[in-house]
Amino acid sequence: METPALGNLKTIVFLAIWVLQLLVPGAIASYSIGVGRADATGPTAEVVFMGYAKIDQKGLGIHLRTFSRAFIIDDGEERFVFVSVDSAMISNGVRKSVLQKLQEHFGSMYTEKNVMISGTHSHSTPGGFMMDVLFDLTTFGFVKQTFDAMVNGIVKSIERAHNAVGPGRIFITHGEVHGANINRSPLAYLNNPKAERDKYKYDVDKILTQMQFIDANGKPLGVINWFAVHPTSMNNTNHLVSSDNVGYASVLFERTVNPDALVGKGPFVAAFASTNLGDVSPNTRGPKCEFSGSNCSEQYTCPGIKEMCFASGPGKNMFESTSIIANRIFKESWRLWLYGEAKEVIGPLRVVHRYVNMVEQTAEFYNETSKEIEKVHGCEPAMGYSFAAGTTDGPGSFAFEQGTTTANPLWNVVRNLLAAPTAEDIKCHGAKPILLATGRMTLPYEWQPKIVATQVALIGNVVIAGVPGEFTTMSGRRLREAIKTVMNDASDSETSVIVAGLCNTYSDYVTTPEEYQIQRYEGASTIFGPHTLTIYLKQYQELVTAAILKKKVDPGPTPADLTENTLLSFVTPVLYDTPKWGRNFGDCIIQPRKIVEPGDIVTAEFISGHPRNNLMTESTFLTVERLANADDEVWVPIATDANWETKFEWKRTSVVLGSSQVTITWQVPEDIKPGEYRIRHNGYYRYILGGVFPYYGISNHFQVVANTSSRERYYE
C-alpha cells in the first residue's frame with residue numbers, strides 16, 4: 001500500500017515535471033506509453049456477420065484479418081487504456097470478460113474506470129458475441145468462438161501494450177479528408193436549426209484528428225486516428241471477413257512504418273478508430289435504385305418496381321471502393337504524421353466512468369419552437385419501423401421504408417405477440433412508431449441494454465469521450481461543444497474534444513431531437529427516445545467536471561451479467577471432415593500458372609478441413625513464400641491471409657461427407673521481387689472418430705518475372 005507521504009511526493013514530482021514541460025516543451029517525456037496489437041479474428045466460415053442483420057450473409061473465408069490495437073497512457077498518478085478493435089461494436093459482456101482476464105494478470109490495475117474499448121464498426125466480421133437477444137438474433141444466437149476470439153485478442157493487445165510501457169510523448173494534430181464520406185440521411189440533418197447548420201461547411205465531419213505517440217528518444221510508437229465514416233464499403237453481399245476501409249487504413253499505416261514486417265506484426269501500431277459516424281457513409285456515389293440505376297426518391301425509395309435504394313462507390317466494386325476510401329484516409333493521416341502542425345499534449349491524466357440507467361434519467365431541453373425549457377426523460381428501449389428498412393448502405397426487408405412515422409396495424413399485431421408497448425412507451429417515443437418494444441422483452445433474456453457505460457479521459461487539454469453508441473454528425477458536434485463549454489470555464493488553453501464511438505456498451509444510435517422527428521433509420525434506432533442526446537449532454541458535462549475537479553464519481557448501477565445465463569446458440573457445430581475420394585487434406589488440386597508478373601492473380605485450390613476447427617489466431621491459413629536460398633531450400637513468407645492482395649475462400653463440396661476445399665488467390669504486387677514462389681495452405685481437420693489434427697499443403701513452384709520482356713526471354 002502506498003503511504004500518504006509517498007503519494008504526496010509523487011504528486012509534487014509530477015507537478016514539477018508538468019511545470020518544467022510548460023516552460024521547456026519537449027524537454028522531458030510527458031508520460032509513460034505502451035502500444036500493443038493482437039489478432040482478434042473470429043470464425044471465418046458459416047457464421048453470420050454482425051452489422052447488416054442478413055441471416056444469409058455468412059462468412060466463407062478471409063479478406064483481411066481483424067486486430068485489436070491497445071494504447072496505454074500513464075502520467076505517474078493514473079493510467080488509461082484505449083483499445084480500438086476491428087469489430088462491429090462492443091458489449092457489456094465482452095468488456096466484463098476482458099476486465100476479468102486482466103484482473104487475473106494485473107490485479108486491480110485495469111478496471112471499468114480506466115479501460116475504454118471502442119469498436120471500429122466493420123460490418124464484415126463474425127457476430128454472435130453481444131449476448132443481447134436483438135443483436136444476436138440474426139446470427140442464430142451466441143457464438144462462443146467469436147466471443148472468445150474478440151475477448152482474447154483485446155486482452156492480448158493490452159498485455160503487449162503493458163509490457164511495452166516506457167517514457168514517451170504525445171502530440172495531437174488535425175487535418176481534413178475529402179471524397180471519403182457523405183451523409184446518408186440528409187433530410188434528417190436538414191431538420192436541425194439552420195443557425196446551427198450554418199456554423200458548419202459540410203453535413204458530415206471532414207476533420208481527421210490524430211494522436212501521435214513517440215518514445216523519449218523520438219522513435220515512433222503508434223498513432224490513433226479518428227475520422228467519421230461507416231466501415232461499410234464492403235456491402236451486404238460480401239462473405240469474406242474484413243476489417244473494411246478503416247481496418248485497411250491501419251494496415252497501410254503500419255506497413256509504411258514497419259516495412260519489413262508481415263501484416264499484424266512489427267512494433268508500430270496504428271489505429272483508425274470510430275467517432276460520430278452514425279449518419280456517415282463511405283459510399284460516395286450516393287443512393288441509386290439497385291438494378292435500374294435511376295435516382296431514388298426523396299425518401300430513398302425506388303417507386304414502380306421492386307428494387308432497393310442502394311448506395312455504392314467510389315470504386316467499380318466493393319473491394320476497389322474499400323481500397324480507395326482507405327487510401328484517402330491513410331494519405332491524410334500520413335501527411336499529418338510527417339508534416340502536420342502537431343501540438344504536444346502535456347498535463348495531468350484523469351479518467352472517470354459511470355454506468356447510467358438511461359430509462360431513469362432526466363434532463364432539461366430548450367425548445368426552440370416554444371422558447372421554453374422542458375424537463376425531459378429517457379424511455380424504455382424500443383426500435384421504430386424505419387429500423388427494419390435498413391439504410392442505403394444496407395437496405396432491409398419486408399418493404400419497410402425509412403421516414404415512417406405512422407404504425408401499421410398488421411405489424412403491430414405481430415409486435416404485440418412479442419411484447420406490447422405501454423401507453424407511456426408510445427407517448428415517450430413520440431414521433432417513433434414502435435416496431436419492437438425491446439425494453440419490455442425479457443425472454444429468454446435482455447433484448448437491448450438499459451444500463452450503459454459512459455466514460456471520459458482527460459489528457460492535458462485533450463478530452464476523449466467514450467460514448468456507448470453511434471452518434472450522428474450533429475449529435476457529435478453538440479457533444480463536443482458541450483464538453484468544450486465546461487473545459488473553457490476551467491482553462492484558457494485550447495481544448496481538443498474527441499468523440500470515441502461505440503465504446504464499452506452498444507445501445508444503437510443517438511440522433512439530435514430534431515433529426516429524431518424525421519424517423520430515418522438512425523432516429524428509429526435511437527432506443528431511449530427523442531431526448532437520448534439531451535441526457536448524454538448532461539451526463540458527459542458532469543463527467544468532465546468531475547475529471548477537472550478530480551472528484552469521485554458514483555459508479556452507477558451494475559449492468560446485468562448475461563454471462564451467467566444459458567445463452568442460446570443455434571449455430572451448427574463442425575462434426576467431422578473427410579477429403580474427396582482419393583485425395584488427402586492439403587492436396588493442391590488446381591496449381592498456379594508457371595510464370596506470372598506484377599498485377600497478375602495467382603490461384604491455387606486445396607482440399608481442406610473446416611476453418612472453424614482452428615481459427616489460426618496469430619497465424620494464417622495461407623502463406624505466399626519466396627525462395628530465398630535455393631541451396632538450403634529456405635522459403636521466406638512475404639504475405640499471409642491478413643494481406644490486402646490475398647483472399648482465402650472456403651466452400652463445402654459435400655455436406656454429407658463433410659468435404660470442403662479452399663481457393664487461395666494472390667494478386668502479385670507491382671513492387672514484387674522477381675524470383676521463385678509458392679503458395680502454402682495450413683489448416684486443421686476434425687476426424688470422424690474424434691480429435692482435431694493439423695495438415696498443410698504446398699503448391700508447385702512458379703516464377704514471378706519483372707515484366708513482359710522478361711517473360712518473353714524466359715520462354716526463349
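Buried means under 20% relative accessible area, exposed means over 50%, and partly exposed lies in between (1.4 Å probe, protein chains only). By that rule Cys302 is buried, because its relative accessible area is 10%.

## About the model

This is a predicted model, in which local features need pLDDT of at least 70 and side-chain atom pairs count only at pLDDT 80 or more, while totals for chains, interfaces and linings use all residues. Residues are numbered from 1 along each chain as its sequence is written, and side-chain values use heavy atoms, with hydrogens and water left out.

Let us begin with the cysteines. A search of the whole structure finds three disulfides, a disulfide being a pair of cysteine sulfur atoms within 2.5 Å. Cys302 has Cys289 as its partner, with 2.3 Å from S to S. Cys289 sits in strand β13 (residues 286-289) and Cys302 in the loop between β13 and β14 (309-312), so this pair links distant parts of the chain, 13 residues apart. Helices (H or I, at least four residues) and strands (E, at least two) are DSSP runs, numbered from the N terminus. The torsion about the S-S bond is about -115°, so the disulfide of Cys289 and Cys302 is left-handed. Cys289 counts as buried at 3% relative accessibility.

The link of Cys296 and Cys309 has its sulfur atoms 2.2 Å apart. Here the value about the S-S bond is 110°, and the link is right-handed. Because Cys296 lies in the loop between β13 and β14 and Cys309 in strand β14, this pair ties together parts that are 13 residues apart in sequence. Both Cys296 and Cys309 are buried.

Cys379 and Cys428 form a disulfide with 1.9 Å between their sulfur atoms. It is left-handed, with -85° about the S-S bond. The pair links distant parts of the chain, 49 residues apart: Cys379 is in the loop between β18 (372-377) and β19 (383-384), and Cys428 is in helix α10 (residues 423-429). Cys379 counts as buried at 1% relative accessibility, and Cys428 does so at 13%.

Numbered in sequence order, the bonded cysteines of the protein chain pair as 1-3, 2-4, 5-6. Two further cysteines are worth a look: Cys503 is buried with a relative accessible area of 0%, and Cys588 counts as buried at 13%.

## Helices α11 and α14

Next comes a helix pair. The axes of α11 (residues 473-490) and α14 (residues 532-549) come within 9 Å and cross at roughly 30°. Axes are lines fitted to C-alpha atoms, for helices over the stretch in contact, and angles run from 0 to 180 degrees between N-to-C directions. The two helices are therefore roughly parallel to each other (angles under 35 degrees count as roughly parallel, over 145 as roughly antiparallel, 65 to 115 as roughly perpendicular and the rest as oblique).

Contact means heavy atoms within 4.5 Å. Among the residues that meet are Leu479, Ile483 and Val486 in α11, and Leu537, Tyr540 and Val544 in α14.

## Glu401

Glu401 is placed in the loop between β21 (394-395) and α9 (409-418). At 41% relative accessibility, this residue counts as partly exposed. Leaving aside neighbours within four places in sequence, Glu401 is in contact with Thr301, Ser386 and Ala389. Gln299 is 102 residues from Glu401 in sequence, with 8.1 Å between them in space, C-alpha to C-alpha.
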